[in-house]
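Please look over the sequence and the structure below. The report that follows describes some of their parts in turn.

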Amino acid sequence: MPLSPGRAERHGFEYYRHGTLSLYAALNVKTSRVEGKTAKRHASADFIAFLTELIGKTKWAREIHIVLDNLSAHKTQAVEDFLTQHPKVRFHFTPTYSSWLNQVEIWFAKVERDGIARGVFTSIADLRRKLMKYIRLYAQHARPIRWTYTDPKRRIPAKRITGTAH
């Protein structure tokens with residue numbers, strides 16, 4: 001429930017779910033800009049339509065490398081046929097339970113925190129409109145993700161990982 005002056009945030013125990021929506025997103029790791037598209041479902045035909053749009057926007061690229069999770073919609077015969085027709089597109093799949101390695105997954109977590117977790121959506125169309133608005137606003141301030149580790153005292157020593165004494 002929305003905040004009001006002098007009142008702590010509360011969450012209702014009931015809500016009406018208007019349906020679901022799939023969000024396809026491609027994050028350019030060099031600029032951190034995101035190309036996004038929503039779909040009613042997460043099927044290979046919708047995925048191929050997203051890839052086709054993406055290729056249309058990146059005709060200048062010699063190669064396009066796409067990091068994906070292991071969803072079945074990414075591995076159908078239709079997707080294999082698409083890859084055959086577009087040899088400059090290369091897929092790289094993250095290992096199971098390692099999607100956190102994929103930078104777009106970090107961005108998805110940000111969308112969840114910033115836009116969805118406390119959002120109020122009256123319909124699927126409203127959710128779609130707000131997601132696309134978020135993507136446009138994010139593009140104005142996009143900064144590449146910098147992998148850093150700033151506290152050397154909290155690092156796990158190699159000997160604890162390998163079980164060796166040295």
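## Helix α1

Which elements do the buried residues of α1 pack against? They pack against β1, β2, β3 (64-68), α2 (77-85) and β4 (89-93), where contact means heavy atoms within 4.5 Å. Buried means under 20% relative accessible area, exposed over 50%, and partly exposed in between (1.4 Å probe, protein chains only). Helices (H or I, at least four residues) and strands (E, at least two) are DSSP runs, numbered from the N terminus.

The model is predicted: local features need pLDDT of at least 70, side-chain atom pairs count only at pLDDT 80 or more, and totals for chains, interfaces and linings use all residues. Residues are numbered from 1 along each chain as its sequence is written, and side-chain values use heavy atoms, with hydrogens and water left out.

Helix α1 covers residues 44-57, which is 14 residues. From its first C-alpha to its last, α1 reaches 20 Å, close to the 20 Å expected at 1.5 Å a residue; the expected span is 1.5 Å times one less than the number of residues. The buried residues of α1 are S44, F47, I48, F50, L51, L54 and I55. They lie on the same side of α1 because they cover an arc of only 160° around the axis, taken from the directions from the helix axis to the C-beta atoms. An α-helix has 3.6 residues a turn, so residues three or four places apart point the same way.

Strand β1 (residues 22-27) is mostly covered, with six of its six residues buried. Both of its faces are covered: S22, Y24 and A26 are buried on one side, and L23, A25 and L27 on the other.

β1 pairs with strand β2 (residues 34-39) in the antiparallel sense over six bridges; two strands pair if DSSP finds at least two bridges between them.

S32 has a positive phi of about 70° although it is not a glycine. Most residues other than glycine have a negative phi. S32 is also buried, with a relative accessible area of 1%.

W107 sits in helix α3 (residues 103-116). It counts as buried, at 2% relative accessibility. Not counting residues up to four places away in sequence, W107 touches L23, A25, L27, V34, Y134, I135 and Y138. W107 and S32 are 75 residues apart along the chain, and their C-alpha atoms are separated by 9.1 Å.
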